[in-house]
Amino acid sequence: MEQIYVTGHRNPDTDSVVSAMAYAALRNALGERQYVAARLGHISDETRLILDKFGFEPPQLIKNMRTQVQDLDYDVPPILNEAVTVSRAWSAMEDDKHISAIPVTDDEGRLRGMLTAGDIAGFDMETIENPVLREVPLFNILSVLEGQLLTETEEMVNTISGEVVLALPQSSELPPFRQKDTVLICGNQPEMIRRAVDFGVACIILCQAELPDGIREDPGQTCIISTPYDSYRTVRRIFQAIPVGRLAQQKEITSFHLEDYIDDVREVVLQSRYRSYPILDSEEKVVGTLSRYHLIKPR
(Lines give C-alpha, C1' and ligand atoms only; values in the text may rest on other atoms or scores of the structure.)
Protein backbone atom coordinates (compact mmCIF):
# COMPACT_ATOMS: atom_id res chain seq x y z
CA MET A 1 0.00 0.00 0.00
CA GLU A 2 1.34 3.42 -0.94
CA GLN A 3 2.13 5.87 1.82
CA ILE A 4 0.41 9.24 2.14
CA TYR A 5 2.46 11.91 3.90
CA VAL A 6 0.81 14.36 6.29
CA THR A 7 2.74 17.59 6.79
CA GLY A 8 2.40 21.01 8.29
CA HIS A 9 3.91 24.18 6.88
CA ARG A 10 7.54 24.90 6.14
CA ASN A 11 9.77 25.76 9.12
CA PRO A 12 7.25 24.01 11.39
CA ASP A 13 6.46 25.04 14.95
CA THR A 14 5.17 22.70 17.67
CA ASP A 15 1.51 23.01 16.62
CA SER A 16 2.37 22.10 13.02
CA VAL A 17 4.41 19.03 13.95
CA VAL A 18 1.99 17.69 16.56
CA SER A 19 -1.04 18.25 14.33
CA ALA A 20 0.54 16.27 11.49
CA MET A 21 1.35 13.42 13.88
CA ALA A 22 -2.16 13.40 15.36
CA TYR A 23 -3.95 13.48 12.01
CA ALA A 24 -1.79 10.67 10.57
CA ALA A 25 -2.49 8.57 13.68
CA LEU A 26 -6.23 9.22 13.36
CA ARG A 27 -6.38 8.20 9.71
CA ASN A 28 -4.34 5.06 10.40
CA ALA A 29 -6.72 4.19 13.25
CA LEU A 30 -9.64 4.43 10.82
CA GLY A 31 -7.85 1.82 8.70
CA GLU A 32 -8.25 3.59 5.36
CA ARG A 33 -4.67 3.74 4.02
CA GLN A 34 -1.15 4.10 5.34
CA TYR A 35 -0.50 7.64 6.53
CA VAL A 36 2.90 8.91 7.65
CA ALA A 37 3.55 12.08 9.61
CA ALA A 38 6.24 14.26 8.05
CA ARG A 39 7.83 17.69 8.42
CA LEU A 40 9.18 20.12 5.85
CA GLY A 41 11.92 21.64 7.96
CA HIS A 42 14.02 21.30 11.09
CA ILE A 43 12.20 21.22 14.42
CA SER A 44 12.88 23.73 17.17
CA ASP A 45 14.40 22.92 20.56
CA GLU A 46 10.98 23.50 22.12
CA THR A 47 9.30 20.95 19.86
CA ARG A 48 12.06 18.40 20.43
CA LEU A 49 11.72 18.84 24.19
CA ILE A 50 7.97 18.17 24.09
CA LEU A 51 8.37 15.10 21.87
CA ASP A 52 11.06 13.70 24.15
CA LYS A 53 8.90 14.28 27.20
CA PHE A 54 6.05 12.16 25.78
CA GLY A 55 8.29 9.58 24.14
CA PHE A 56 7.77 10.40 20.45
CA GLU A 57 10.31 10.46 17.63
CA PRO A 58 10.28 13.51 15.33
CA PRO A 59 8.34 12.97 12.08
CA GLN A 60 10.21 12.07 8.91
CA LEU A 61 11.95 14.99 7.23
CA ILE A 62 10.98 15.61 3.59
CA LYS A 63 13.53 17.89 1.99
CA ASN A 64 11.30 18.99 -0.87
CA MET A 65 7.90 18.30 -2.40
CA ARG A 66 8.91 18.45 -6.06
CA THR A 67 7.64 15.58 -8.19
CA GLN A 68 10.34 13.16 -9.36
CA VAL A 69 10.51 10.50 -12.06
CA GLN A 70 9.95 7.84 -9.41
CA ASP A 71 6.53 9.43 -8.76
CA LEU A 72 5.37 8.69 -12.32
CA ASP A 73 3.46 5.62 -13.42
CA TYR A 74 6.14 4.90 -16.02
CA ASP A 75 6.18 1.82 -18.26
CA VAL A 76 8.05 -1.32 -17.30
CA PRO A 77 8.51 -3.10 -20.65
CA PRO A 78 10.55 -6.30 -20.95
CA ILE A 79 14.23 -5.37 -20.66
CA LEU A 80 16.31 -7.40 -23.09
CA ASN A 81 19.89 -8.53 -22.81
CA GLU A 82 21.96 -7.50 -25.83
CA ALA A 83 22.54 -11.16 -26.72
CA VAL A 84 18.87 -12.19 -27.20
CA THR A 85 17.44 -12.59 -30.69
CA VAL A 86 15.53 -10.09 -32.78
CA SER A 87 12.74 -12.67 -32.85
CA ARG A 88 12.40 -12.42 -29.05
CA ALA A 89 12.28 -8.61 -29.21
CA TRP A 90 9.62 -8.61 -31.92
CA SER A 91 7.48 -11.04 -29.91
CA ALA A 92 7.68 -8.71 -26.91
CA MET A 93 6.48 -5.78 -29.02
CA GLU A 94 3.65 -7.86 -30.46
CA ASP A 95 2.53 -8.88 -26.96
CA ASP A 96 2.22 -5.23 -25.86
CA LYS A 97 1.31 -2.96 -28.77
CA HIS A 98 1.78 0.31 -26.87
CA ILE A 99 5.50 -0.35 -26.36
CA SER A 100 7.38 2.05 -28.63
CA ALA A 101 10.92 1.09 -27.59
CA ILE A 102 12.61 -1.60 -25.52
CA PRO A 103 15.80 -1.00 -23.48
CA VAL A 104 18.73 -3.26 -24.31
CA THR A 105 21.19 -3.96 -21.50
CA ASP A 106 24.45 -5.74 -20.78
CA ASP A 107 24.77 -8.68 -18.39
CA GLU A 108 24.78 -6.28 -15.42
CA GLY A 109 21.49 -4.66 -16.42
CA ARG A 110 23.11 -1.40 -17.53
CA LEU A 111 21.85 0.39 -20.61
CA ARG A 112 23.48 -0.43 -23.94
CA GLY A 113 20.86 0.92 -26.32
CA MET A 114 17.20 1.32 -27.29
CA LEU A 115 15.43 -0.88 -29.84
CA THR A 116 12.31 0.17 -31.77
CA ALA A 117 10.05 -1.62 -34.22
CA GLY A 118 11.44 0.74 -36.87
CA ASP A 119 14.96 -0.53 -36.19
CA ILE A 120 13.80 -4.10 -36.79
CA ALA A 121 11.87 -3.18 -39.94
CA GLY A 122 14.81 -1.22 -41.31
CA PHE A 123 17.18 -4.12 -40.73
CA ASP A 124 14.72 -6.51 -42.38
CA MET A 125 14.73 -4.35 -45.52
CA GLU A 126 18.54 -4.23 -45.55
CA THR A 127 18.76 -8.03 -45.63
CA ILE A 128 17.05 -8.02 -49.04
CA GLU A 129 20.00 -6.19 -50.58
CA ASN A 130 22.65 -7.67 -48.30
CA PRO A 131 21.62 -11.19 -47.15
CA VAL A 132 24.69 -11.91 -45.04
CA LEU A 133 25.11 -13.33 -41.53
CA ARG A 134 28.13 -12.18 -39.54
CA GLU A 135 29.14 -14.33 -36.57
CA VAL A 136 25.61 -15.10 -35.44
CA PRO A 137 25.60 -17.49 -32.45
CA LEU A 138 24.67 -21.03 -33.46
CA PHE A 139 22.33 -21.25 -30.47
CA ASN A 140 20.37 -18.25 -31.78
CA ILE A 141 19.89 -19.87 -35.18
CA LEU A 142 18.76 -23.16 -33.68
CA SER A 143 16.32 -21.23 -31.49
CA VAL A 144 14.58 -19.14 -34.17
CA LEU A 145 14.40 -22.06 -36.63
CA GLU A 146 13.40 -24.60 -33.97
CA GLY A 147 16.30 -26.44 -35.51
CA GLN A 148 18.39 -29.49 -34.74
CA LEU A 149 22.13 -29.83 -35.28
CA LEU A 150 22.63 -32.95 -37.41
CA THR A 151 26.42 -33.11 -37.63
CA GLU A 152 29.51 -32.33 -35.62
CA THR A 153 32.40 -30.77 -37.51
CA GLU A 154 36.07 -31.30 -36.71
CA GLU A 155 36.16 -27.96 -34.90
CA MET A 156 33.49 -26.72 -32.50
CA VAL A 157 31.17 -24.26 -34.28
CA ASN A 158 29.89 -21.45 -32.06
CA THR A 159 28.92 -18.87 -34.66
CA ILE A 160 27.71 -18.94 -38.26
CA SER A 161 28.82 -16.48 -40.95
CA GLY A 162 28.21 -16.25 -44.66
CA GLU A 163 25.94 -15.17 -47.47
CA VAL A 164 22.46 -16.67 -47.19
CA VAL A 165 21.61 -18.52 -50.43
CA LEU A 166 18.36 -20.29 -51.27
CA ALA A 167 19.02 -23.31 -53.49
CA LEU A 168 16.04 -23.54 -55.82
CA PRO A 169 15.84 -26.18 -58.59
CA GLN A 170 17.59 -24.72 -61.62
CA SER A 171 18.65 -25.72 -65.11
CA SER A 172 22.15 -24.28 -64.83
CA GLU A 173 25.02 -26.67 -64.06
CA LEU A 174 26.66 -24.06 -61.88
CA PRO A 175 25.90 -24.37 -58.14
CA PRO A 176 24.21 -21.38 -56.44
CA PHE A 177 27.18 -20.96 -54.07
CA ARG A 178 30.50 -19.38 -55.06
CA GLN A 179 32.34 -19.15 -51.73
CA LYS A 180 32.79 -21.22 -48.61
CA ASP A 181 31.29 -18.48 -46.43
CA THR A 182 27.80 -19.51 -47.51
CA VAL A 183 24.68 -20.47 -45.56
CA LEU A 184 22.86 -22.72 -48.03
CA ILE A 185 19.12 -23.24 -47.52
CA CYS A 186 17.70 -26.20 -49.39
CA GLY A 187 15.06 -28.93 -49.31
CA ASN A 188 15.10 -32.52 -50.49
CA GLN A 189 18.04 -32.03 -52.88
CA PRO A 190 20.59 -34.80 -52.17
CA GLU A 191 22.91 -33.96 -55.07
CA MET A 192 22.99 -30.27 -54.14
CA ILE A 193 23.79 -31.14 -50.53
CA ARG A 194 26.66 -33.45 -51.51
CA ARG A 195 28.17 -30.81 -53.81
CA ALA A 196 27.92 -28.19 -51.03
CA VAL A 197 29.62 -30.50 -48.50
CA ASP A 198 32.39 -31.38 -50.96
CA PHE A 199 32.88 -27.67 -51.66
CA GLY A 200 32.99 -26.95 -47.92
CA VAL A 201 30.26 -24.33 -47.41
CA ALA A 202 30.00 -23.05 -43.87
CA CYS A 203 26.44 -24.16 -43.16
CA ILE A 204 23.57 -26.07 -44.75
CA ILE A 205 20.01 -25.73 -43.48
CA LEU A 206 17.65 -28.54 -44.50
CA CYS A 207 14.00 -27.49 -44.74
CA GLN A 208 11.56 -30.33 -44.08
CA ALA A 209 14.03 -32.84 -45.52
CA GLU A 210 16.25 -35.74 -44.47
CA LEU A 211 20.02 -35.78 -44.59
CA PRO A 212 21.31 -37.94 -47.48
CA ASP A 213 23.08 -41.20 -46.62
CA GLY A 214 26.78 -40.89 -45.94
CA ILE A 215 26.80 -37.17 -45.17
CA ARG A 216 26.14 -37.50 -41.43
CA GLU A 217 29.29 -39.59 -40.91
CA ASP A 218 31.55 -37.26 -42.90
CA PRO A 219 30.20 -33.67 -43.09
CA GLY A 220 33.70 -32.22 -43.50
CA GLN A 221 33.78 -28.60 -42.31
CA THR A 222 30.07 -28.00 -42.96
CA CYS A 223 27.61 -27.41 -40.12
CA ILE A 224 24.24 -28.98 -41.04
CA ILE A 225 20.96 -28.00 -39.39
CA SER A 226 17.43 -29.30 -39.98
CA THR A 227 14.29 -27.20 -39.48
CA PRO A 228 10.55 -27.92 -39.68
CA TYR A 229 10.00 -24.61 -41.53
CA ASP A 230 9.72 -24.35 -45.29
CA SER A 231 12.43 -22.57 -47.25
CA TYR A 232 10.63 -19.20 -47.46
CA ARG A 233 10.05 -18.96 -43.71
CA THR A 234 13.56 -20.16 -43.02
CA VAL A 235 15.07 -17.38 -45.14
CA ARG A 236 12.98 -14.75 -43.32
CA ARG A 237 13.45 -16.15 -39.81
CA ILE A 238 17.18 -16.79 -39.97
CA PHE A 239 17.88 -13.06 -39.92
CA GLN A 240 15.82 -12.79 -36.74
CA ALA A 241 18.61 -14.73 -35.04
CA ILE A 242 20.76 -11.57 -34.98
CA PRO A 243 21.49 -10.37 -31.40
CA VAL A 244 19.45 -7.24 -30.62
CA GLY A 245 22.58 -5.46 -29.41
CA ARG A 246 23.66 -5.06 -33.05
CA LEU A 247 20.42 -3.33 -34.05
CA ALA A 248 19.81 -1.14 -31.01
CA GLN A 249 20.47 2.59 -31.18
CA GLN A 250 23.52 3.23 -29.01
CA LYS A 251 24.43 6.85 -29.74
CA GLU A 252 22.94 10.04 -28.31
CA ILE A 253 20.49 8.24 -26.03
CA THR A 254 18.68 10.53 -23.59
CA SER A 255 18.00 8.82 -20.27
CA PHE A 256 16.66 9.89 -16.88
CA HIS A 257 17.14 8.78 -13.30
CA LEU A 258 14.48 8.02 -10.71
CA GLU A 259 15.58 11.02 -8.65
CA ASP A 260 15.33 13.53 -11.52
CA TYR A 261 12.71 16.24 -11.10
CA ILE A 262 9.77 16.30 -13.48
CA ASP A 263 10.23 19.99 -14.25
CA ASP A 264 13.76 19.29 -15.52
CA VAL A 265 12.66 16.17 -17.40
CA ARG A 266 9.83 18.02 -19.12
CA GLU A 267 12.23 20.64 -20.51
CA VAL A 268 14.46 17.95 -22.00
CA VAL A 269 11.55 15.98 -23.48
CA LEU A 270 10.04 19.06 -25.12
CA GLN A 271 13.31 19.75 -26.91
CA SER A 272 13.84 16.22 -28.22
CA ARG A 273 12.09 13.97 -30.73
CA TYR A 274 12.18 10.55 -29.06
CA ARG A 275 8.99 8.68 -28.17
CA SER A 276 10.47 6.78 -25.23
CA TYR A 277 13.30 7.36 -22.74
CA PRO A 278 15.03 4.80 -20.51
CA ILE A 279 14.88 5.29 -16.73
CA LEU A 280 17.88 4.33 -14.60
CA ASP A 281 18.26 3.76 -10.86
CA SER A 282 21.12 4.91 -8.66
CA GLU A 283 23.27 2.00 -9.88
CA GLU A 284 22.71 2.97 -13.54
CA LYS A 285 20.53 -0.10 -14.11
CA VAL A 286 17.43 0.14 -16.30
CA VAL A 287 14.11 0.04 -14.42
CA GLY A 288 11.62 1.27 -17.06
CA THR A 289 10.83 3.76 -19.79
CA LEU A 290 9.21 7.19 -19.84
CA SER A 291 7.05 8.73 -22.57
CA ARG A 292 5.46 12.15 -23.00
CA TYR A 293 2.05 11.03 -21.79
CA HIS A 294 3.53 10.00 -18.41
CA LEU A 295 4.30 13.66 -17.71
CA ILE A 296 0.66 14.70 -18.03
CA LYS A 297 -0.56 13.05 -14.84
CA PRO A 298 2.09 12.35 -12.20
CA ARG A 299 1.09 10.85 -8.90
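**Figure 1. Arginine 66 and its salt-bridge partner.** Arginine 66 is partly exposed, its relative accessible area being 38%. This is a predicted model. The side chain of arginine 66 meets that of aspartate 264 in a salt bridge, with an N to O distance of 3.9 Å. Aspartate 264 belongs to helix H8 (residues 262-270), while arginine 66 sits in the loop between strand S3 (60-61) and strand S4 (80-81), so the pair ties together parts that are 198 residues apart in sequence. Aspartate 264 is also partly exposed, at a relative accessible area of 43%. Side chains of opposite charge can pair when their charged atoms come close. The salt bridges in the model number five.

Figure 2. Arginine 266 and aspartate 263 form a salt bridge through their side chains, at 3.5 Å from N to O. Helix H8 holds both residues, three residues apart, or about one turn of the helix. Arginine 266 is partly exposed, with a relative accessibility of 28%. Aspartate 263 is likewise classed as partly exposed, with a relative accessibility of 46%.

**Figure 3. The hairpin of strands S14 and S15.** Strand S14 (residues 277-280) runs antiparallel to S15, and four bridges join them. Leucine 280 has valine 286, in S15, as its bridge partner. Five residues separate the two strands of this hairpin, and in the turn glutamate 284 has a positive phi of about 65°. In strand S15 (residues 286-290), four of the five residues are buried, so the strand is largely enclosed by the rest of the structure.

**Figure 4. The salt bridge between lysine 285 and glutamate 283.** The side chains of lysine 285 and glutamate 283 meet in a salt bridge with an N to O distance of 3.8 Å. Lysine 285 is partly exposed, at 28% relative accessibility. Glutamate 283 has a relative accessible area of 47% and is partly exposed.

**Figure 5. The six-stranded open sheet.** The strands of this open sheet follow the order S7-S9-S10-S11-S12-S8, and their pairing is mixed. S7 and S8 are the edge strands, each pairing on one side only. Strands of a sheet pair through backbone hydrogen bonds, either parallel or antiparallel. Between strand S11 (residues 203-207) and strand S12 (residues 223-227), the pairing is parallel and extends over five bridges. Cysteine 207 stands opposite threonine 227, which is in S12.

**Figure 6. Glutamate 135 in strand S7.** Glutamate 135 is part of strand S7, which covers residues 132-137. The phi angle of glutamate 135 is near 50°, a positive value in a residue other than glycine. Glutamate 135 is exposed, with 54% relative accessible area.

Figure 7. Glutamate 146 is located in the loop between helix H5 (138-144) and strand S8 (148-149). Its phi is near 50°, again a positive value in a residue other than glycine. Glutamate 146 is exposed, with a relative accessible area of 53%.

**Figure 8. A patch of negative charge on the surface.** Glu191, Asp198, Asp213, Glu217 and Asp218 make up this patch of negative charge. Aspartate 198 lies in helix H6, which comprises residues 190-199. The relative accessible area of aspartate 198 is 69%, and the residue is therefore exposed, since the cut-off for this class is over 50%.

Figure 9. Tyr23, Leu26 and Leu30 form a nonpolar surface patch of about 310 Å². Leucine 26 is found in helix H1, which spans residues 14-30. Leucine 26 is partly exposed, with 45% relative accessibility.

Methods. Residues numbered from 1 in each chain as written. Predicted model: local features only at pLDDT ≥ 70, side-chain atom pairs only at ≥ 80, totals over all residues. Heavy atoms only, no water. Buried < 20%, exposed > 50% of the residue type's maximum accessible area, 1.4 Å probe, protein only. Salt bridge = Lys/Arg side-chain N within 4 Å of Asp/Glu carboxyl O. Patch = residues over 30% accessible without salt bridge, like charges linked within 9 Å, V, L, I, M, F, W, Y side chains within 5 Å. Areas by Shrake-Rupley, 256 points an atom, 1.4 Å probe, with all protein chains shown as cover. Lys, Arg positive; Asp, Glu negative; His and termini not counted. Charge placed at Lys NZ, Arg CZ, Asp CG, Glu CD. Pairing = 2+ DSSP bridges.
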